[in-house]
Structure formats: C-alpha cells, structure tokens
Amino acid sequence: MPAFRQVGEKQLPNPIIYMAWSPKRDLIALANTSGELLLHRLANFQRVWSLAPNENTGKEITSLAWRPDCKVLAFSVGDTKQVVLCDAEKAEILHLFPVDVPVSCMHWMEVQSDKSSFSVFGESESESNRFLPELPTLPKSYSTTSKIFSEEKSDEVTNLLGEVRLNILVIGGPSGFLELYAYGLYKIATIKEITGTCRCLCLSSDLKSLSVITETRSSNESEMHYIQLDTGLLSACLPELTRMARKFTHISTLIQYLRLSLTCMCEAWEDILMQMDLRLTKFVQEKNTSTQVQDEFLELLLWGHVSPELQALLMNQLTVKGLKMLGQSIESSYSSIQKLVISHLQSGSEALLYHLSEVKGMALWKQKFQPLGLDLVAIEEAITAVGSFTLKASELLQVIDKSMKNFKAFFRWLYVAMLRMSEDHVPPELNKMTQKDLAFVADFLSEHFSANEELFDRKGKYFNVERVGQYLKDEDEDLVSPPNMEGNHWLSFVEQSTYLKASPLLFPTYPQKSLHYVKRLMEGAIDVCLQEPAEVIGNSVKQAVCFPLYSVPDSPADTPKLFELPSLWNDKNTCMQYTVFCMPEISPSKIYILRRATDPQRSVLNGLVAIDLNTPLNSSIDDETPVAESVDRSYSCLDARLYDDETLTVVLQCLEGDENRLRLLAQLPLGAALSCEEAFTWDPALRLDQQADGIPVQALTWGNQSRNLENMKARFVAVNGVRKVACVMSSNLRHVRVFEMDVEDEEDEERADESQDVSSDQDGLEVSSANHGAGVEEEGGAKACEKIGDSSWESLDHTSGSDAL
C-alpha cells in the first residue's frame, strides 16, 4: 500500500515558479510566470482565490513568505522593486514598500520568547487605545491611482501588527542586499556584511543568528557559500526592540493614513471650483474697456449698474443656473474637505505626536534603548515637523471657514443681481441685504477680484478667487495667495520677543507653503528618525562564519531559484539551524546536512554529515533485515526539504534506466544521522566539494515511508510538517500532486469506517457535502476566485485535509 495518500492533482495553465505552504493552515500559495498569485486549498487542490498582476504591484513575482500567523502573505515583485503584503483571506493588498533591488528570497520568522516579557507591551497598547480616540474610517468612494488602498480602514494598524509577539520579515537580493522588517512593515536593520546574491535565508527564532546561502558568480560557474551572521544585539535587546518596533510601525501606518486622508481631500476638491477664476481671466482678455473687473463688480454692488461685457459674462457664460450649481459645488466640496481635516488629519496628527513622544521617552532611557540607535535630536525634529503639519491643517481650516462665508455672501448677492437682470422674480428672503452684508461683499471683491499679472505668468490666470486648492497642490512653489497675517496679535508678540522667536517649543508655521509641502517635510523628518536604528542595528550584525560549499555551472536565467537547493531550517527545540544540500557532480547519491547552533559562540561536534541513498527501498523500520521484495537501487536527490526537526522529505530519481526512470517521494528519518559522533575537520582554505571524501557518511533505513510517483517527472517538493502535507511539482512546472503524509493505509481506514456509529457517518456526510460544493465552485471558473467566507476560513483551522475529504 502507498505510504502517502494523494488528495489532489492538477495540470496548471502557466508554469509555477514559487510555492509555499501556510505554516498553520491547509493552504498553499503559488506564483506563476504570468505574475499571478494563487491560493489553493489542500482538498482536491481547489483554488480559493487569485490575485492578478497590475500596474501598482508589478508582474514579476520573485519570492514568497507567509506571516507566522498565516493572516498575511508577502511577495516581492522584481519589475517594480517592491514588497507587497496581501491579506490571505480576502486577497486585498494591505501594504507595499519599495526596495533598492529586486528581492530574490525572503523569510518570515516569529520570535520565540517568554510571554511574560511581553506583558508590558500589551499594557502599553491598551494605554494608547485609552488615551487616543479611534481613527475614523477612510472614505471608500474616492477614486485614486492607488486603488489598492480604496478600502483601507482605520484599524489597519491592528490588522497589520497582529499579535504582540515580534515577528520579522527578512529579505535578500543581489550584491549582498539584506534587510529586516519588524512585523513586515518597519525596517529595523540594513545588513552590509555579505557579498553575492542571497539564495535563501533563515533567521533563528531566538534572534541570535541569521543563516544565509549566497551565490557568487565567476566567468562560467557559481560558487555557493554558507554565511552565519551574529545578530546578538537583537536577542539581547528583544523587549526594547519589540516596543520600539511596535511604536515605529504605528508611526509608519499613521503616515500612510495621513497620506491617504490628504488624497481624499485632493479628490474632494473639484475642478469646477476654478470656473470663476478662468472665466474672469477670459473676461479681462476679451473686454475692450480699461475698467478693472473689481471696479465693475463694485459698481454693480453699490449702484446696480452693469456694463454690457459684465452682463454678457454673467448671463451668457456663468448663467443663473450655473451660478447656483457652482455655489452648491463649492459648499459641498469645502464641507467635505473640512470634515476630512477635522476627523482625519487632526486625529492622525494627534496620534503621531503621542507615539513620537513615547519614542522620545525611550530615547531618554539611554540604558535600555541607546544600543538600538534612537536619536533624540532626530525624534525632536520629527515632533516639531508633525506640529508644523498640525498648524498648517488648522490654517487650512481657517481658510475654508472664511472662504465658505465669503462665497456664500457673494453668491447670494450675485444670484439676486442676476435674477434682476433677467427680470425674474426675486424671493423675499433673498431681497434683504443689510449694510453689514454690503461691507462684507465689498471687502471680498476688494481682496479677491484684483488682477495679478505675475499670477497669469505662473498659472495662466489673473485671479485667485478660490483659495483652498492652493493648499492641496503637490508643488514646491509658494502659495499664490498666502493668508493675511496683519493684525494677528500673537504673531506680533512672537516677533517682538527674542526668546520666543528662537524657542524650540514653538512649531514653525511656513505661511508661504502648501499643506502638501509641509507634509513632505514631516515625512522626511520622520524617515530620518526611523532610519537611524536600522543603520545602528545593521552595523552591529557581524559575520560569524563563512563556509565555501561547492561550485555549480551557471543555470539558465529562467530557472526558479526558490526550488534550487540548498534549503534552510530552524530547529526551535534544540536551537539549531540546518542546511540541506547536494553535490551531484561529486556524490550524486548523497545528501549533505550542515548543522550550526543558533548561538555562533556554541560549537557543534557533528556539524556535517552525509546521507547515503544507496539503501534498499523497502527495508523494515524496526528490523535490520530487508523484506523479501526489497530491491537494491542507487538514487540521486532532486529536491529535499525538512518536514520537521527529525524528518527529511525528498524527491528521488533512480540512477538506472532511461530518461523516464523511476521517481519517488520519500520521508527520511534523520535521528541516526544527526546522532553521528564522528566529527568532520573543515579546512577553511578549500571548498567543501574539494574535501568531500572526509565527510562522515550515514545510511538510513527508509521503511515504508516512500511512494512511487508514476506518470510524473517529479522534480520539486514543498512540505508542511505541522499540517502533514506535501506538494510535488514536475520538471515542466505545470503538473502538481498533493499528498497527506501521515495517514493510515486505506484498508485500515475502511475497517475503521465500518465501525463508526450513525452520528459519525452523518458528520462525515456534512463535511463531504460542504467540500462537494467547493468542488463545484472550482469548476465554475470565476467562482473559484471568490473570497473565503468567515465560516469556511475558520474551518481551515480545525479541519484537517483527511477530514475535508
């Protein structure tokens, strides 16, 4: 009987270049050559959703990594040089950030530590929630080029951060590019200690070391190296690092929140608001008289006299109906912008000031946080920049409030005047105008309706009646019409006081600049504040060991590097890191396992061992005598991944026969090999393949833990020991088979099924019916891409693959 149960098989339309099992769920993520990201379920290999490539993310996926809690899937895009975080449940883009080079590999590790050390951070989180108001949800109706954020919510911080326990995303690329991101969001380290292209990474769960496999290319071959980096500072300052990372992640997300709020404000401001300015400019260019536009409107206001040109402008171009629509548009637009400033910009700015103030308190605690590189001066400058942004938002509120009052009074008067010109009925409630109203409109005309030649040269118009849009323009130029500060007693008092004028307690106001400009200043100051710890922590990382492994001929550029050995594994129980690799040119029938302690200072006696695959396939597990039908064959390893701490899953190929020779999937128990007491003396002056004869060799008994892969040119495998599943892929990258690894033989299961009671049978029918519906959804084409419902998503946590059948 086969040792593993096949539960799914599929021929895929596009070649798969990356695949990664979810750490805790029966889900596997696939990336194909067309740039599409797919999520499949174990049962029948059913597709759950697909994420098509687009201009915002890119079309060339280069690596995948699951967040340890399985709620977020990270993937890197080579053509746009970005790392994207995707909601694993809804296939929505949560966050993305740029990188300097295309990422070639990534690894997402959850830090293991005593839970009691993190209790203080949970209390800190609850305090911030108590002191800070909940951020309002961003509008969903606005249309922006960044449509991937159209449904981003105010609780995004919580969704992205996940649990209090620290998790770190490690990304690597060419030219020694290596960076660490706390919670996948905040960069905590930029490492510059390696050379070559990173091929695979593994950060130890105790944060003491980072293992990297690099490839250094020469003229006609590539040399593989194993590098272990000492990350002792991360481990020694874990509580402080966690608190700092969570605060900076909050800050980074709040900046994104403010950026999106400002985008909403820009789109709430409509181009229709420019009609008055453009039509007045056209009126000046076309009229024959030398009278100023301001004078003509004032004459209409005071005496009721109107020139033929002005009457044509009002009645033919602007029209009574158009004026009414313009007034409604201005009021609606200004009201929307005003609400966004009050509810979003000011709330987000207050939250930013709160978190930056806490970071400042950390920086003052030098005994704890100074090793992490918190710069007090940079933090204070960031706080000052946020204060300036808050003041500019308040200034915009004042401009909006004044503009709304001015336009309301102006349009009310002009509407009545135009009704009289057209000899229409004037409602009695609009016909009354006090002396105060006249003075208000006169002041508005004097201030806003004066022609400006310089403005025409800059903007192509003579007038700037509309004053709000200039604050929302993403330009470096000064405001066209800055606010009039004459008569402001506070500003006069500050200017006359030498001490207040130079006081760091007062935030600079930048009266000549737009809101966008001040926002960029704020983002730049906060970026400096965020980058300093990454530089300091990165400089603390030192190379502990560097072993040259072996050389390989250059492979074609289209070969999926993620599938190539070596592979890395972190053993959390024994604090060890494993490197599994093969050297087919030297020993085609051997698999090599390199073991290093996560603590670079701790040595491992039997750190390198070779596994000989020339063993009878059907040897008994508990008896050294082979069974009768055993056949002695020689095998080479095509792919190998650690299934758990003591089991290696391999795809093997028989060395005898034609090109369609036998291929099989096997589980190799490593207990005997890892307990080898024979030590290997490594000559650092030579590559490992040049001293392979001295490596201790161990033979393994496979037992019945193998299965022939008939009618399939199997080449690669991805495994998940927690969910006990494996996915095998063919050499053409289109044919996949999915297996449950630890199951009983079919005859034993049939006998067990016969002994089940009626209630158990009924439960089985319910599960079967649910999965039958899922199968119909898969056959439905587009329906297969529907989002997972809450109930079905939860069932993934509690229903194993075997139960799902």
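View 1. On a 1 Å grid over the protein atoms alone, a pocket is an open set of points where a 1.4 Å probe fits, with protein on both sides within 12 Å along at least five of seven lines, and its lining residues have an atom within 4 Å of a point. This is a predicted model, in which local features need pLDDT of at least 70 and side-chain atom pairs count only at pLDDT 80 or more, whereas totals for chains, interfaces and linings use all residues. Residues are numbered from 1 along each chain as its sequence is written, and side-chain values use heavy atoms, with hydrogens and water left out. The largest pocket has 44 lining residues, and Trp21, His107, Leu568, Trp569 and Val719 are the ones that lie nearest its centre. Its space comes to about 1,400 Å³, where a volume is the space filled by probe spheres set on the grid points, which are joined across faces, edges and corners.

**View 2. Strands around the largest pocket.** Strands (E, at least two residues) and helices (H or I, at least four) are DSSP runs, numbered from the N terminus. Among the strands that each supply at least two residues of the lining are β2 (16-21), β10 (105-110) and β27 (714-720), and β10 gives the most, with six residues.

**View 3. Helix α10 (residues 376-421) against helix α7 (residues 308-318).** These two helices pack at an angle of about 95 degrees, with their axes 11 Å apart; axes are lines fitted to C-alpha atoms, for helices over the stretch in contact, and angles run from 0 to 180 degrees between N-to-C directions. Because angles of 65 to 115 degrees count as roughly perpendicular, α7 and α10 are described in that way. Gln311, Leu314, Met315 and Leu318 of α7 make the contact (heavy atoms within 4.5 Å) with Leu414, Met418 and Met421 of α10.

**View 4. Helix α10 against helix α6 (residues 293-302).** The axes of α6 and α10 come within 11 Å and cross at roughly 75 degrees, so this pair, too, is roughly perpendicular. From α6, Phe297, Leu300 and Leu301 meet Phe410, Trp413, Leu414, Ala417 and Met421 of α10.

View 5. The side chains of Arg199 and Glu215 meet in a salt bridge (a side-chain nitrogen of Lys or Arg within 4 Å of a carboxyl oxygen of Asp or Glu), at 2.6 Å from N to O. Arg199 lies in strand β14 and Glu215 in strand β15 (residues 209-217), so the pair ties together parts that are 16 residues apart in sequence. A search of the whole structure finds 19 salt bridges.

Terms used:
Parallel < 35°, antiparallel > 145°, perpendicular 65-115°, else oblique.
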